[in-house]
2 protein chains.
Amino acid sequence: MKKRPTIGDVARQSGLSASTVSLALNQSGYVSEKTRAKVMRVVKELGYHPTRAARGLASSTSGNLGFIVSEDHFAQAEQFYTRVFLGTELEARLHDYYVLLTVIGRHFTKGNSIPRFLLERNVDGVIIAGSVNDKIIEYIDGLGLPIILVDYQFKRKPCSAVLIDNRNGTRSAVSHLIQIGHTRIGFIGGDLRHPSIAERYGTYKATLEEHGLVPDPSWIAADEKYLSFKSGCTAAEKVLSAPSRPEALFAANDSMAIGSLHCAKRQGLRIPEDLAIVGFDDLEVSSHVEPRLTSVRVHKEEMGRLAVRRLVDILRSKLTTEVTAHVRADLIVRESTAGKLGEYAPLTVEAEDEVAW
Amino acid sequence: MKKRPTIGDVARQSGLSASTVSLALNQSGYVSEKTRAKVMRVVKELGYHPTRAARGLASSTSGNLGFIVSEDHFAQAEQFYTRVFLGTELEARLHDYYVLLTVIGRHFTKGNSIPRFLLERNVDGVIIAGSVNDKIIEYIDGLGLPIILVDYQFKRKPCSAVLIDNRNGTRSAVSHLIQIGHTRIGFIGGDLRHPSIAERYGTYKATLEEHGLVPDPSWIAADEKYLSFKSGCTAAEKVLSAPSRPEALFAANDSMAIGSLHCAKRQGLRIPEDLAIVGFDDLEVSSHVEPRLTSVRVHKEEMGRLAVRRLVDILRSKLTTEVTAHVRADLIVRESTAGKLGEYAPLTVEAEDEVAW
DNA sequence: GTGAAAGCGCTAACAT
DNA sequence: ATGTTAGCGCTTTCAC
């Protein structure tokens, strides 16, 4: 078993010193083109590749990015966070980073709940997806590691974030319901501590108000603890049993929307004739339920990619300005509100073939 | 900014040498309980945590596992591989490993197509999911890294693998169709180079034969290049246009099954009355299509977990025996074959509430 | 522009 | 059972 070549071998073979080889390899300028070319030749000849651990030790750099998501979020919206994570993974690859994923629990006080990659200095920066205990943010910040928040906001300190344009997304969803003739529009939601959900709820009310509509309190179920399928069922049951039930529902996310949809169907309601439903997130499954769910599309992978791009920018050039990006959230009209397609001539109707498979 | 403590600090504080501290920390035996206790106390006191890079350099160990999946597979069966990956991730965490994910292209000759984590010696072992170019397996083997295959087999050399019990899975699916009265049973598939698919196809034919049934060749569409939703549509169109069309379909996976389902519905066929359909994999979406799809459940996370467990066993104890594990594949009967539930009194009927949300 | 020297923080023989 | 001694392979001042 022949040993793999080290930087020393490259130095010897090219008649240079290890430090020069290192400089040449790391694009550090200060190396003549001629030298660099020679180094590259020998590197290729020998099939040399630096060892990550050695680089890490010498440069206090790991080549990894940490991805943190709370247990709760991940368990209840796996489809969502998985795709964000995939986005980070794909983008990180382009920049020669790997992503270490970790799921954290509610409690942060216990020492063992700190992600190992932080304790071992095994990441150069961190992406946090969804809401978390703010203490972890402060802890990471204290470590001096750059942080990018995805779909979450930190109030106490400016922090770069990639957010969803919940305002416009919600506005287009609710406006759509109004436009196709509904006035009795309910809300299905929960976990209002999450900024995104709170924003969707707020914009739902604001949009109705702008149109001179006032929702009956019994049409609103916003106190579910989770945003899950099951919570959607529960919430819908509550709302649909109201003496004067709503004729349309805006759900805080697709899981709840689908839960509501199932519940409504079980009660014998026809969707969208008896009840129109709009969700938020546009999960893959949403275009497969029957009727197919109208939803606000969130570009999940893109959010992950943006987060990585931002993080890498910071890492590579030591930028420190906090930047907040808002990704679009576009309404995708499907059968759960459109009825027979075309009937209401909605602005955006997804062709059946567009289903992303 | 105070520097983090090193092993030297722990040594000093506890009046021991760095090597003793190292031994104590790594459970290496050979350390008195008394000493270990003292070390632990100081470690806690100082909040010491070893730096991954330093450990790596000194011990030629990375603390990472590599996860490789082909671009093609990942793009076409993301739902499947994502869950396997999640399984590895969750299990790896229990054993203090992180998983580095990489997607590889078809071609392997080009040097730059070798996963960077291999070149940089940044993983201690590798999990390969789905079929890949065998050269990569040989390359990794040449590196001396342990490999666990998931849903794939390597012929030239014994290699540990976590496989799906396709035989029993397929047998139960096809038997179910026969049991509920069908005799004209078609097959929807493709990419027969994949061992799992080939096995499902083979067992499909064998099972029919055992029951004295002979499928008309026009009922079989097994030459699609991909196993995608779209391929499922195409294949179903072919098969359903046969002069004497089949009354039931067994699809090689759920994506194709759902493609077939859409296609059949578009042609005005009622499912399951006019055409019964069974898939394989039991993706999350399968329990949300209408009618809900009967499928063979594959425990994807469990496959990932098993692979990691095996890999860690090898890493920790230097085991070298190749082991092949087969994970169960159980039929889940839903509406795409059961019709009104209970009509055929199938063995396993999933309650609606069982949907994993 | 290039080289020499000094670590980075840890593990692993080997000695005691 | 514990300490001594060497590195692991690379980066990074700092001279020249």
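Below, each label is set against its cut-off.

Reply: Happy to! Keep in mind that this is a predicted model.

Me: Then let's start with the rings. Why is the pair of A:Phe67 and A:Phe85 called edge-to-face?

Reply: The ring centres of A:Phe67 and A:Phe85 are 5.3 Å apart, and a pair needs centres within 6.5 Å.

Me: How do you know whether A:Phe67 is buried or exposed?

Reply: Buried means under 20% relative accessible area. A:Phe67 has 1% relative accessibility, so it counts as buried. A:Phe85, with a relative accessible area of 3%, is buried too.

Me: And why is the pair of A:Tyr204 and A:Phe250 called stacked?

Reply: For A:Tyr204 and A:Phe250 the angle between the planes is 20°, and stacked pairs have planes under 30 degrees apart. The centre-to-centre value is 6.5 Å. A:Tyr204 sits in helix H10 (residues 195–210) and A:Phe250 in strand S8 (residues 248–251) of chain A, 46 residues apart. A:Tyr204 is at 0% relative accessibility, so it counts as buried; A:Phe250, also at 0%, is buried.

Me: Which residues form a cluster with these two rings?

Reply: Ring pairs join A:Phe187, A:Tyr201 and A:Phe280 with A:Tyr204 and A:Phe250.

Me: What makes A:Arg200 a residue that lies over the face of A:Phe280?

Reply: The distance part of the test is a charge within 6 Å of the ring centre. A:Arg200 is 3.8 Å from the ring centre of A:Phe280 and lies over its face. In chain B, B:Arg200 lies over the face of B:Phe280 at 3.7 Å.

Me: Now the DNA. How do you know that A:Ser22 makes a polar contact with DNA strand D?

Reply: The cut-off for N or O atoms is within 3.5 Å. A side-chain N or O atom of A:Ser22 is 2.8 Å from a phosphate oxygen of DNA strand D, so the contact qualifies. B:Ala58 passes as well, with a backbone N or O atom 3.4 Å from a base oxygen of DNA strand D.

Notes:
Residues numbered from 1 in each chain as written. Chains lettered and ligands numbered in written order. Predicted model: local features only at pLDDT ≥ 70, side-chain atom pairs only at ≥ 80, totals over all residues. Heavy atoms only, no water. Polar contact = N/O pair within 3.5 Å; in protein donor to acceptor, adjacent residues only side chain to side chain. Phe/Tyr/Trp six-rings, centres within 6.5 Å; stacked < 30°, edge-to-face > 60°. Buried < 20%, exposed > 50% of the residue type's maximum accessible area, 1.4 Å probe, protein only. Helix = DSSP H or I, 4+ residues; strand = E, 2+ residues; numbered from the N terminus. Lys NZ or Arg CZ within 6 Å of the ring centre and 35° of its normal.
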